[in-house]
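Hello,

Here is the structure we talked about handing over. Please open it first, then read the notes below.

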Amino acid sequence: MAFDVFPDIGKPIRTSTNELVDFLVVNYGDGFEAFSNSILFLLVRLERVLRSADPVVILVCVGLITFAASRRWGLSVAMVAAMWFIGALGLWEQAMQTVAILLVAVLISVVIGVPLGIISARSNRFRSLLNPVLDLMQTIPSFVYLIPAAMLFGLGKVPAILATIIYAAPPLIRLTDLGIRYVDEEVVEASRAFGATRWQILKGVQIPLALPSIMQGINQTMMMALAMVVIASMIGARGVGETVLLGLQRNDAGQGLLGGLAIVALAVVFDRITQSAGQRMQAHRKVTG
Amino acid sequence: MALIEVQNITKIFGSAPKKELAKVKNGMGKEQLLAETGHTLGLNDVSLSIEKGEIFVIMGLSGSGKSTLIRHFNRLIDPTDGHILVDGMDVMGLSNKELEDFRRHRMSMVFQRFGLMPHRTVLKNVAYGLEVQGIARAEREATARKWIETVGLAGFEDQYPSQLSGGMQQRVGLARALATDSDIILMDEAFSALDPLIRSQMQDQLVELHEKLHKTIVFITHDLDEALRIGDKIAILKDGVLSQVGTPPEILLEPADDYVRAFVRDVNRARVLTVGTVMQPPALRITHDNMEKALADMRRNDEDFGYVVEDKEFRGVVTQEALAEEVAKQGETPSLYAFADDSSVVELENTLEEALPATLEADYPVPVVCEDGRLMGVLSSEEMGSALTPPDELENGETEDAANKDASGEPAKADVLKEAS
């Protein structure tokens, strides 16, 4: 053919990406490992606490946390029952591994996501740059970045956490942005008029008033992080995802179902706790004059 | 020098306001600027002087730029051109840090929709300005409690704003502004969102507080009745340009243009104008006790009435007829001071509404006295009538047309005028 409609740009992208990953592995391997270790340090400790603690203690804690968040005894009992159900399925150990990964991933998402959301709410330009990145993070299949992540950080929990963050952080960033933008303009203007600094406005007015929205974002992030546990288990993150994966590999539908039920139960527990915490934060809005 | 000097403030909204400034300075109007450049002219060359301790009302319809103007005072909005001096200090020249300090200590603000923080209790809302200043909790809450009590909200300290009615919420807003002890308070349509009854209570409370605290208040409103009721001075703004600045009687009696004239037409003038602003000097003052001489004075001046004054103190009115009758009588003539009729008098501070019955009953111009009993002037029913007649009915025809044309160009106006009436 004399004229080619599609010049081959796939090949150079492919080779240069591979070269970049190789380059990073060779030259910055130590750096990535140090980063990986710092996440692992946190994760391993958390996991050890969760797994070594008597399940009864954990169950009581879940009940207390639910009550603190919702002030409803009924809900607390239901959440304890959901956790007990996971244990009764024989997946307590795995569930604790998953909870540890989940909490670390959500913690890092909050640490990164809330500030990004705040910057995005303040600058339209930053938002227009950030938005396509967030779209990409949510749509690109996780295996695409799992391959280089596994090469850089090794197989195991750290790339799983990173993949979870990439997938789960965007809703938190978006909802933080939205929450801050939707704070009543006149209230912000009032605090400016009284001479508040930008930090005082942010801390005293914008974040508190955006908190319900931010809590909603944390809730969404948790739900999406749970959706990642099966994929995370594929690169060696263990946990309940592994149970599902084993069921798939062994053609054992029953085992797959057990893992699925445990994931759903975890999702319900995390969802209800964060939802009711978010609702209690807007207690002042419920009363109408 | 006035406390606040607004000097040639021009504000253009749009993507490149500085570039379009020259066009406005060369006289391009609001519509043309919008059509040619897509920029909105918010304020055009506005200059004002606001004296210490007065309530200065800036009045205009929606879109007139009044809210934009008041936000220049504490630089919530930066002008495209011009300066604002407070105590001779140029607010435009302040750095961020100085500006924060200025807002904390010199000017506080009350907002139309209150601007209260829904997540803070009444007490913490009122203490907000002090909290921003970094004042310790115990001290700022003590101050806040004092002001909550002053505005009549004691007992509501721990409620959230959403638990209060609109009027109560705005009292919280007022207390918050008072708590910082700034000498200037900006009020942006502060009472516009309130029910009419609550609004007039709030107006009374504001005037009362002002008499006690002597703060300088810049008050924005679209309601002329409100402006006339509380304002020491009123500035009327139309399409970003000042139409007139003056005292309430000046605005009512000498409207500067058709726009102001259309505004003042529906005002209840009898309630706003005081006797002092429309009275005339008495035609004949009689300053002695001699009846015959008084009668001679009246005949010589061809006056039917005389106003008897003893040592500057007003004693009463005599008619020529009654005097002639009394002089013609046999026997001892009584003292003129005792003879004069002092039954119908109006006071200088009375509104025309209050003075109306006396004016209509008497068949002579009613004497006007001030507090210490001195005769200040007289008020005839004719003067009363012409003062109560809106200006455009005096000069019929053309002004009516102009006012109508004006109203069609500004749809919001009909509503506002209705509200003002």
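Predicted model: local features only at pLDDT ≥ 70, side-chain atom pairs only at ≥ 80, totals over all residues.

What pattern does chain A follow, read along the sequence? Chain A runs α-α-α-α-α-α-α-α-α-α-α-α-α.

**Chain A overall**

Taken along the principal axes, the C-alpha atoms of chain A fill a box of roughly 75 × 55 × 40 Å. Chain A has 289 residues, and 39% of them are buried. Now take the contacts in chain A with a separation of 6 or more. Of these, 75% join residues 24 or more positions apart.

**Helix 4 and helix 9**

Two packed helices are described by the angle between their axes and the distance between the axes. In chain A, look at helix 4 (residues 92–122) and helix 9 (residues 198–227). Their axes come within 10 Å and cross at roughly 140 degrees. Helix 4 of chain A is therefore oblique to helix 9 of chain A. The crossing of these two helices of chain A is right-handed.

Which residues meet there? Helix 4 of chain A brings Leu102(A), Ala105(A), Val106(A), Ser109(A), Val110(A), Val114(A) and Ile118(A). Helix 9 of chain A brings Leu202(A), Ile214(A), Ile218(A), Thr221(A), Met222(A), Ala225(A) and Leu226(A). The residues of this contact divide into twelve nonpolar, two polar and no charged.

**Where chain A touches chain B**

The contact takes 19 residues from chain A and 23 residues from chain B. On the side of chain A, the elements that give two or more residues are helix 8 (185–193), helix 9 and helix 13 (283–286). Helix 8 of chain A gives the most, with six residues. The residues on that side of chain A divide into nine nonpolar, six polar and four charged.

One residue to look at is Ala193(A), found in helix 8 of chain A. Is Ala193(A) buried or exposed? It counts as buried, because it has 26 C-beta neighbours inside 10 Å and the cut-off for buried is 20 or more. Leaving aside its neighbours within four places in sequence, Ala193(A) is in contact with Asn74(B), Leu76(B), Arg103(B) and Met109(B).

**Chain B**

For chain B, there is a record to go with the model. UniProt, in an unreviewed entry, places the feature "domain: ABC transporter" at residues 4–264 of chain B. Over residues 4–264, chain B is 43% helix and 23% strand. The end C-alpha atoms of that stretch are 27 Å apart.

Best wishes

Definitions and conventions
Residues numbered from 1 in each chain as written. Chains lettered and ligands numbered in written order. Axes fitted to C-alpha atoms, helices over the stretch in contact; angles between N-to-C directions. Helix = DSSP H or I, 4+ residues; strand = E, 2+ residues; numbered from the N terminus. Parallel < 35°, antiparallel > 145°, perpendicular 65-115°, else oblique. Left-handed = near helix turned anticlockwise from the far one by under 90°. Contact = placed C-beta atoms within 7 Å. Nonpolar A, V, L, I, M, F, W, Y, C, P; charged D, E, K, R; others polar. Buried ≥ 20, exposed ≤ 12 C-beta atoms within 10 Å, placed from the backbone. UniProt positions renumbered as here; feature names shortened; annotations may be inferred.
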